Each structure stands twice: as C-alpha cells, then as structure tokens.
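Dear colleague,

A description of what was found in it comes after.

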Amino acid sequence: MIVAERKTVPELMEIVKGHQKILVLGCGTCVTVCLAGGEREVSIIASALRMASRLANRALEVEELTIERQCDNVFIEQAAEAVGRNDAVVSLGCGAGVQAIAERYPQKPVYAGLNTAFLGILEERGVWAEKCAACGDCVLHEYGGICPITRCAKRMLNGPCGGSREDRCEVRADLPCAWQLIYKRLKDIGQLDRLRKVAPPKRWGAALHGGLRKIVREDHRI
Amino acid sequence: MESAAFEPKILAFCCHYCAYSSADLAGSMRIQYPPNIRIIRTPCTGRLETEYFLKAFERGADGVLVAGCLEGGCHFIEGNLCAKRRVQYIRDMVAEIGLEKERLCMVNVSAAMARPLAEAIREMVETVRKLGPSRLRQNATPMKMEKTR
C-alpha cells in the first residue's frame with residue numbers, strides 16, 4: 001500500500017492561509033490503513049486546525065468528509081457538494097489522490113495534507129517499512145523476493161558490497177544488509193546458483209526519471 | 001484578578017479497573033480532591049483515541065487527565081502502556097496546535113490508591129491553575145450530539 005504521514009499543524013496552517021472555509025478530505029483506502037488520512041485522521045486534523053486557527057485569531061471553518069477512494073472519479077463525485085461549498089480542499093489522500101481531486105475540481109485550490117512517503121507494508125503495529133520503489137522493471141524473481149533496489153542502500157544488483165558488518169548495512173547500521181537477506185533466502189529455497197549470474201545494467205528507462213509513467217491496456221479500453 | 005477567580009475545568013478519563021474505583025474509594029474514605037475534575041469512566045485507558053483528547057480541548061477543557069492502572073497492572077495486559085505512548089504523541093500535537101502540553105497528563109494508580117489519586121488531581125489542578133484558562137475556552141462550541149466518525 002501507499003504509506004504517508006501527516007504534515008505538522010503549523011505547516012497545514014501555513015498552507016491554508018488566506019482561506020476561511022476549508023474541506024479536510026480523507027481517503028478510505030491506503031492512507032486509512034496506514035493511519036494517516038482516513039476518517040479518524042480527518043477528524044483529528046480538522047479538530048487541530050480549528051483549535052490552531054482560534055488560538056491564532058484566524059477565522060477558519062473546517063468541514064470533514066472521507067470518501068472511499070480519492071484516486072477514482074466514481075468516488076470523487078461524492079465530494080462534489082462539499083468541495084463546492086468550501087474555499088479550498090486539504091486532501092489527506094496520497095499524492096495521486098490530491099492530484100485526482102485537483103484535476104476533477106480545476107477551479108478549487110487543493111492542497112496536500114500528507115507527505116506521501118513510499119510503497120510499503122505494516123511491519124508491526126505502528127511501524128511501516130518501504131518495500132517497493134516502483135522502478136517499473138521488477139527483478140524480485142532473481143533475488144528471492146527481496147528487493148535490492150529498495151532495501152540495499154546502494155541499490156546494488158550484483159552484491160554484496162563488502163561493507164556490511166554483522167549483517168548490518170554499512171550506510172545505516174539500523175538496517176539489515178539486503179544482500180545478507182537475499183543470500184539467506186536464496187539458500188533457503190535452494191536457488192543460490194542465481195547469484196552466479198552477473199546482472200546486466202538495469203532498465204532504468206522504466207523508472208520515474210523520464211517523467212510520469214502510464215500503463216495503457218488496450219484490452220480494457222472502450 | 002481574573003486568574004484569582006479562575007477555577008480550571010479538567011476532564012479526567014479514569015480506567016474502570018483502577019482510577020475510577022480509586023476515586024470511589026476516595027469518596028468512601030472521605031478523602032477530598034478538588035471539584036474541578038469531571039470524571040469519565042473508560043473501560044481501559046488503552047481505549048482512548050486521539051480524537052477524545054482533541055475534542056475535549058476544542059470544547060474548552062482547561063486540562064485533561066488520564067488515569068490508568070499501574071504499569072504492569074493493566075486488566076487488559078498493556079492498555080495503559082498504549083495509552084502512555086498515545087498521550088505522549090498527543091502532548092506533542094497539542095503543542096503544535098499552540099496549547100501548553102502540560103494541560104494533558106497521565107497518572108498511574110491502583111484501585112487502592114485513593115490518596116495518591118487525590119494528590120495527583122490536586123497537582124494537576126494546580127498546574128492548570130498556574131497556566132491559566134485555556135485560550136480555547138472563549139467561544140468554545142458547546143457539546144452536541146454529532147457524528148464525528
């Protein structure tokens with residue numbers, strides 16, 4: 001899922017400066033699961049903004065709404081009325097959600113209330129870890145299901161680098177060495193011979209560096 | 001002047017298994033504690049959500065006290081430890097909002113600790129009295145039934 005975290009209250013106050021009526025719009029999908037932008041967080045952020053504005057002697061009305069998914073027009077429609085009666089929208093969706101809302105309501109200022117951080121998983125309660133860099137050319141099958149792009153600080157496809165100390169990454173001692181994990185996993189599943197192969201340079205053209213990416217499925221188009 | 005007459009309104013979320021019974025015991029033992037406290041019984045302090053605290057401040061509470069079981073003594077094993085971390089998080093958020101974080105405190109008592117609870121309440125009331133009325137108290141929106149979630 002997409003993992004995000006909230007911006008601080010002073011940051012949000014700065015962002016909504018100049019508006020009197022705002023809609024804090026939550027999203028019921030990824031950001032609900034990562035406890036950053038769901039119905040509950042909308043209530044928290046709205047409450048915080050109301051208090052901060054009163055303490056700063058600023059008039060600010062805050063409306064709350066959460067839709068099922070901000071990156072889908074079918075659900076975005078449900079926010080139309082609420083968006084219409086407010087001066088601006090603070091979206092607690094991921095970056096995709098914020099932009100989808102902004103595209104759908106071109107006359108309305110739409111601001112990001114969250115910092116979208118990464119694609120990850122819930123590692124334990126309250127801890128989310130990055131797992132995927134969305135590089136567009138997945139190599140997980142070669143590395144026992146452990147991503148060297150995301151989890152190796154040097155993004156090495158032909159590792160290890162030789163700098164790891166006691167299974168720890170030399171760049172960041174709090175991280176396990178991805179290549180240690182890859183070696184162990186490949187050994188466990190009897191595929192160590194995969195490491196004999198030298199990986200060619202990766203196809204980075206599929207990554208973000210060339211601008212936004214699109215997937216077109218002709219078989220699903222109408 | 002105004003501060004001399006200021007009587008803080010403090011909301012106390014008291015765990016059913018310790019602080020609530022303790023407050024009850026304080027009554028039985030005729031132990032006085034300041035009447036500035038408004039007690040809300042909760043099944044466990046671990047049940048308390050961030051919104052509850054923020055709503056309390058938004059509605060004009062001068063302080064919020066969370067009273068849970070002694071560490072290691074939670075009826076639900078570790079609800080009070082969850083509450084401790086949550087209270088810390090919200091204290092930081094309260095500071096972000098612009099209020100003094102001392103307005104939110106947590107204490108740990110057992111069901112038999114009526115006297116320490118009364119003492120903690122007295123301390124909390126004094127702390128808040130020194131801070132003065134919450135600046136959100138003026139024009140606070142009155143509590144009304146509404147769907148918050």
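This is a predicted model: local features need pLDDT of at least 70, side-chain atom pairs count only at pLDDT 80 or more; totals for chains, interfaces and linings use all residues.

**The interface between the chains**

Between them, chain B and chain A bury about 1,800 Å², of which 53% is on carbon and sulfur atoms. In terms of contacts, 21 residues of chain B meet 16 residues of chain A. Four salt bridges are counted between chain B and chain A. One salt bridge joins Arg50(A) to Glu58(B), with the closest N and O atoms 2.5 Å apart. Nine residue pairs are in polar contact across the interface of chain B and chain A, with both residues at pLDDT 80 or more. On the side of chain B that touches chain A, the elements giving two or more residues are α3 and α4 of chain B. The most is given by α3(B), with six residues.

**Helix α3 of chain B**

This helix deserves a separate paragraph. Eight of the nine residues of α3(B) are buried, and the helix is thus mostly covered. Among the buried residues are Phe53(B), Leu54(B), Phe57(B) and Glu58(B). In chain A, the buried residues of α3(B) pack against α3 (39-55) and β3 (61-67). Within chain B, they pack against β1, β3, α4 and β4 (104-108). Just after α3(B), Gly60(B) takes a positive phi of about 105°.

**Aromatic pairs**

Over all chains, the structure holds four aromatic pairs. The ring centres of Phe13(B) and Tyr52(B) are 6.5 Å apart and their planes stand at 35°, so this pair is tilted. Phe13(B) belongs to strand β1 (residues 10-15) of chain B and Tyr52(B) to helix α3 (residues 50-58) of chain B, so the pair ties together parts that are 39 residues apart in sequence. Phe13(B) is buried, at a relative accessible area of 5%, whereas Tyr52(B) is partly exposed, at 30%.

A second pair is formed by Tyr17(B) and Phe76(B), and its geometry is edge-to-face, with 5.6 Å from centre to centre and 85° between the planes. Distant parts of the chain are linked by this pair: Tyr17(B) is in the loop between β1 and α2 (19-28) of chain B, and Phe76(B) is in the loop between β3 (63-68) and α4 (79-97) of chain B, 59 residues apart. Tyr17(B) is partly exposed, with a relative accessible area of 34%, and Phe76(B) is partly exposed as well, at 43%.

Ring pairs also link Phe13(B), Tyr52(B) and Phe53(B) into a cluster.

In chain A, the charged end of Lys202(A) sits over the ring of Trp204(A), 5.2 Å from the ring centre. In chain B, the charged end of Arg41(B) sits over the ring of Tyr20(B), 5.2 Å from the ring centre.

**Salt bridges**

The count over all chains comes to 28 salt bridges. A network of salt bridges links Arg40(A), Arg47(B), Glu49(B), Glu51(B) and Arg86(B).

In chain A, Glu14(A) and Lys17(A) form a salt bridge with the closest N and O atoms 3.0 Å apart, and Glu14(A) is partly exposed at 49% relative accessibility. Glu218(A) and Arg221(A) form another, at 3.5 Å between the closest N and O atoms. Glu218(A) counts as exposed at 55% relative accessibility, and Arg221(A) is exposed with a relative accessible area of 55%.

In chain B, the side chains of Arg129(B) and Glu126(B) meet in a salt bridge of 3.2 Å, N to O. The two residues are three apart in helix α5 (residues 114-131) of chain B, so about one helical turn separates them. Arg129(B) is partly exposed at 26% relative accessibility, and Glu126(B) is partly exposed at 38%.

**The surroundings of Pro8(B)**

Arg129(B) also figures in a contact with Pro8(B). Pro8(B) lies in the loop between α1 (2-5) and β1 of chain B and counts as buried, at 2% relative accessibility. Although Pro8(B) and Arg129(B) are 121 residues apart in sequence, they are 6.1 Å apart in space, C-alpha to C-alpha. Beyond its neighbours within four places in sequence, Pro8(B) is in contact with Asn36(B), Asp62(B), Val125(B), Val128(B) and Arg129(B).

With kind regards

Definitions and conventions
Residues are numbered from 1 along each chain as its sequence is written. Chains are lettered from A and ligands numbered from 1 in the order in which they are written. Side-chain values use heavy atoms; hydrogens and water are left out. Rings of Phe, Tyr and Trp (its six-membered ring) pair if their centres lie within 6.5 Å; planes under 30 degrees apart count as stacked, over 60 as edge-to-face and the rest as tilted. Helices (H or I, at least four residues) and strands (E, at least two) are DSSP runs, numbered from the N terminus. Buried means under 20% relative accessible area, exposed over 50%, partly exposed in between (1.4 Å probe, protein chains only). A charge sits over a ring if NZ of Lys or CZ of Arg is within 6 Å of the ring centre and within 35 degrees of the ring normal. Contact means heavy atoms within 4.5 Å. Buried area is the accessible area (1.4 Å probe) that two parts lose on being put together, summed over both. A polar contact is a pair of N or O atoms within 3.5 Å; within protein, one must be able to donate a hydrogen and the other to accept it, and residues adjacent in sequence count only if both atoms are side-chain atoms.
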